[in-house]
Amino acid sequence: MTSRAPAARLRRGRARRTPLDDGHRALVHRVAALLLDYPDAELLGRLPALRAAVGALPEPARSDLSGLVDHLAAAPPQEAGAAYVETFDLRRRACLYLTYYAHGDTRQRGVALLAFKQAYRAAGLLLRDDELPDHLCVVLEFSATQDLAAGTALLLQHRAGLEVLRLALRDAGSPYAGALAAVCATLPPLAGNDRDAVARLVAQGPPDESVGLEPYGAHDPALGGHPSEGARR
């Protein structure tokens, strides 16, 4: 799952931003759910269809997601898999499990997971026993294919962690940063308590962790002014 566009190009893209309707928001969530999963043969085989789907999106979501599609299409499969593991499995600050950011590995995290399970059950869905409900790909697929309002509500409840993940990927120069930028753009702009929570997580890391998040993203403008059929890696 290439380098992002130069800053000047990104500024132009933001100036041409088109508001996303519900159909576009659902499509962003669906595509991002697939692209943020492990790049196995099935995902790589879907890239042409994903590229076509992304072409229907307005800017900057189209560029954010197409950059990741192009990267995955160009990378040798083994290298793509190794890069995914290095990005998401070996770095605490790039965790795809949303409750980790607010609760770390504490007992409170188990309580937070219940909100995800309850939302899925309300839609008549059950996860496999080896599937954690707060994995970002699971939440995004649920939002895209089952209940956009409920899925968006889950993302908003963990908005600070989502933004911290976006910043971590951006600061690492990861091609996956585009997918997080596109997802965050489907949500209301950061303000007030959300912005404070992001700054706090950036500085301190998750609660009760011996290794906190390194300071990054301090000058980011945002801070200033399915259910799956198989187990995730």
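1. Let's start with how helix 2 meets helix 4: the two pass in a left-handed crossing, meaning that the near helix is turned anticlockwise from the far one by less than a right angle (clockwise would be right-handed). Helix 2 covers residues 22-35 and helix 4 covers residues 61-74; they pack at an angle of about 25 degrees, with axes 11 Å apart. That makes helix 2 roughly parallel to helix 4. On the terms: axes are lines fitted to C-alpha atoms, for helices over the stretch in contact, with angles from 0 to 180 degrees between N-to-C directions. Angles under 35 degrees count as roughly parallel, over 145 as roughly antiparallel, 65 to 115 as roughly perpendicular, and the rest as oblique.

2. Who does the touching there? Helix 2 brings Val 28, Val 31 and Leu 35, while helix 4 brings Ala 61, Leu 65, Leu 68, Val 69 and Leu 72. Contact here means heavy atoms within 4.5 Å. Sorted by class, these residues come out as eight nonpolar, no polar and no charged. (Ala, Val, Leu, Ile, Met, Phe, Trp, Tyr, Cys and Pro count as nonpolar, Asp, Glu, Lys and Arg as charged, and the others, Gly among them, as polar.)

3. A word on what you're looking at: this is a predicted model, where local features need pLDDT of at least 70 and side-chain atom pairs count only at pLDDT 80 or more, though totals for chains, interfaces and linings use all residues. Residues are numbered from 1 along each chain as its sequence is written, and side-chain values use heavy atoms, with hydrogens and water left out.

4. Now the overall picture: the protein has twelve helices and zero strands. Both kinds of element are DSSP runs numbered from the N terminus (helices are H or I, at least four residues; strands are E, at least two).

5. From helix 2 the contact uses Ala 26, His 29, Arg 30, Ala 32 and Ala 33; from helix 8 it uses Cys 137, Leu 140, Glu 141, Ser 143, Ala 144 and Thr 145. This time the classes are six nonpolar, three polar and two charged residues.

6. Have a look at Asp 134, in the loop between helix 7 (107-122) and helix 8 (136-145). Asp 134 is buried, at a relative accessible area of 0%. Its side chain makes a polar contact with the side chain of Thr 99 at 2.5 Å. (That's a pair of N or O atoms within 3.5 Å; within protein, one must be able to donate a hydrogen and the other to accept it, and residues adjacent in sequence count only if both atoms are side-chain atoms.)

7. Leu 155 sits in helix 9 (residues 148-157) and is buried too, with a relative accessible area of 0%. Leaving out residues up to four places away in sequence, Leu 155 touches several residues, including His 29, Leu 140 and Leu 187. Leu 155 and Leu 187 are 32 residues apart in sequence but 8.4 Å apart in space, C-alpha to C-alpha.

Methods: Buried means under 20% relative accessible area, exposed over 50%, partly exposed in between (1.4 Å probe, protein chains only).
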